[in-house]
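Biologist: I would like to go through this chain and ask what the labels rest on. Please show it first.

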Amino acid sequence: ISRTVYNRQDVIMSFELTYAVQQLFIEVGREIRDHSKLSDGLLSTLNCVFGHPLLYALDLVDHGRVTEYECPSGRRAFTVRNHIRDWQQWKELYMSIYQQLLSCPSYVYTVLMKGDSSMCKHVLAMKMSQAMDCHVKKQISSKGLADLLCEGIDASV
């Protein structure tokens, strides 16, 4: 078993980057609320931070492919519908609001293999749609949410 040892500076930098990214999403929400669009400067900043997945994530958001499901207990999950041309079918990716790591090909290629971005287009679409408050919202029972998440687990295996 190998263990990764992180020094204090690495941990501090990780927290600082996480905070900076959260602030970017807050700024996205503010610009949408105040101006109904994102400024060129903010789009440029987002592109510098997230790279290539940003364009695909914004396309998913623009086409209404992000759905938030909430049950009476307040638990939430998101689906991001993605058209995969190679298979000529629709595929839905399920994620918990807190989940950062996916087994989707986009995550594996963009984040793990190339190291181009800190998140795949699906997680970025979820976070952008939350910041912009422009995703489909559906109420669902607790059992319905559990079934939805189990489907997602089965689909990703």
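Modeller: This is a predicted model. The accessible surface of the chain comes to about 10,400 Å², and 53% of that surface belongs to carbon and sulfur atoms.

Biologist: What elements does the chain have, and in which order do they run?

Modeller: The chain has six helices and four strands. Starting at the N terminus, the order is α-α-α-β-β-β-α-α-β-α.

Biologist: How much of the chain is buried?

Modeller: Of the 157 residues, 38% are buried. A residue gets that label with under 20% relative accessible area.

Biologist: Why is Tyr109 called partly exposed?

Modeller: Buried means under 20% and exposed means over 50%. Tyr109 has 44% relative accessibility, so Tyr109 counts as partly exposed. Tyr109 lies in helix H4, residues 105-113.

Biologist: What makes Tyr109 part of a surface patch?

Modeller: A patch takes residues with over 30% relative accessible area and no salt bridge, and nonpolar side chains are joined within 5 Å. At 44%, Tyr109 is over that cut-off. Tyr109 forms a nonpolar patch with Val108, Leu112 and Met113. Together the four have about 420 Å² of accessible area.

Biologist: Which residues have the most contacts inside the largest nonpolar core?

Modeller: They are Phe25, Val28, Leu46, Phe50, Leu124 and Met128, in a core of 27 residues. The elements that give two or more residues to this core are helix H1 (8-35), helix H2 (40-50), helix H3 (53-62), strand S2 (76-84), H4 and helix H5 (121-132). H5 gives the largest share, seven residues. In soluble globular proteins, nonpolar side chains tend to be buried together.

Biologist: What does Val28 touch, leaving aside its neighbours within four places in sequence?

Modeller: Val28 is in contact with Leu38, Leu42, Leu46, Met128, Ala131 and Met132. A second, separate core has six residues, among them Tyr69, Cys71, Ala77 and Leu145.

Biologist: Which residues of H3 are buried, and how do you know that they are on the same side?

Modeller: In H3 the buried residues are Pro53, Leu54, Ala57, Leu58, Leu60 and Val61. Their arc around the axis is only 155°, so they are on the same side of H3. Leu55 and Asp62 are exposed on the other side of H3.

Definitions and conventions
Residues numbered from 1 in each chain as written. Predicted model: local features only at pLDDT ≥ 70, side-chain atom pairs only at ≥ 80, totals over all residues. Heavy atoms only, no water. Patch = residues over 30% accessible without salt bridge, like charges linked within 9 Å, V, L, I, M, F, W, Y side chains within 5 Å. Areas by Shrake-Rupley, 256 points an atom, 1.4 Å probe, with all protein chains shown as cover. Salt bridge = Lys/Arg side-chain N within 4 Å of Asp/Glu carboxyl O. Buried < 20%, exposed > 50% of the residue type's maximum accessible area, 1.4 Å probe, protein only. Core = buried A, V, L, I, M, F, W, Y, C linked by side-chain atoms within 4.5 Å. Contact = heavy atoms within 4.5 Å. Arc of directions from axis to C-beta.
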